[in-house]
Amino acid sequence: LGLSSLTVDLLHALYLGVMNRYCAVVLWFLFSSEIFGTVGTAEENLQTAVLIIKSQLMAWYKDHQRANPSRVLTRVGDLTAKMVGTKHKPRCKTKGAETFGMALFLTDMLRKYSVRLGSAGKRLERAGSALLRLVEIWDSCGRVMDAAARQSAFEQYQLHMACMEADDAYTPKHHILFHLLYRSDWLGNPRFYASWQSEAKNKLLKASCRNVSQATFEATVLFRMKSVLAKQLKRPAK
């Protein structure tokens, strides 16, 4: 690969991992709670709940923007039943940047309906708040994190893990994130080496690899990359 080392990054371990899993669990907790009412079959109830959450999410985006004009969230363009999986295999098909806004929204939803959601809702709200506080800690620090900040980050993640234990929703990325926290002592603040920009190049790479012969794959891809990059930058290839 031409790389000297590989490490855990926020995009894949947190936003596409732990936080995404949290959103999936909360979505299905809300669906199962029947706070949106029942209208017929399980499929009909799901469709109704998804439409209601989508409507509230779009309204929440506007309210959040008014209250936080300097904070720009990447918004989910749509929310459908296909994006949330099933009760036994919950999913949240959002991109990394979209997941953060979804987590903010769902944590607010748990607060909004806290009286009707009981102790389980409060537990999930604490789990979400701990993840969001973890992000705040990283955002408030420079490249080098002091011992107090690193300890606080560990504590917030431990709180999240403890609150999610009852849902049995752990994945390997829940373990991997502990390594990211541990290595921040010598790798620094994780938000400075997340692979957001590198991930954005995947679309470019896919365009270069499309319809390439396997026999001359490497040479052809390298040649086509120049052409694709030139088109993206709107200048002639050299």
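Is Asp 167 buried, exposed or partly exposed, and what is its relative accessible area? Asp 167 is partly exposed, at 27%, where buried means under 20% relative accessible area, exposed over 50% and partly exposed in between, with a 1.4 Å probe and protein chains only. The side chain of Asp 167 meets that of Arg 123 in a salt bridge, 2.7 Å from N to O. Asp 167 lies in the loop between α5 (147-164) and α6 (172-187) while Arg 123 lies in helix α4 (residues 114-140), so the pair ties together parts that are 44 residues apart in sequence. Arg 123, with 17% relative accessibility, counts as buried.

**Basis of the values**

This is a predicted model, in which local features need pLDDT of at least 70 and side-chain atom pairs count only at pLDDT 80 or more, whereas totals for chains, interfaces and linings use all residues. Residues are numbered from 1 along each chain as its sequence is written, and side-chain values use heavy atoms, with hydrogens and water left out.

**Salt bridges in the helices**

A salt bridge is a side-chain nitrogen of Lys or Arg within 4 Å of a carboxyl oxygen of Asp or Glu, and the count by this rule is 7. Helices (H or I, at least four residues) are DSSP runs, numbered from the N terminus. Within helix α3 (residues 96-112), Arg 111 and Asp 108 are 3 residues apart, about one turn of the helix, and their closest N and O atoms are 2.6 Å apart in a salt bridge. Arg 111 is partly exposed at 41%, as is Asp 108 at 31%.

Asp 185 forms a salt bridge with Arg 150, with 3.5 Å between the closest N and O atoms; this pair links distant parts of the chain, Asp 185 being in helix α6 and Arg 150 in helix α5, 35 residues apart. Asp 185 is exposed, with a relative accessible area of 51%.

Key: Helices (H or I, at least four residues) and strands (E, at least two) are DSSP runs, numbered from the N terminus.
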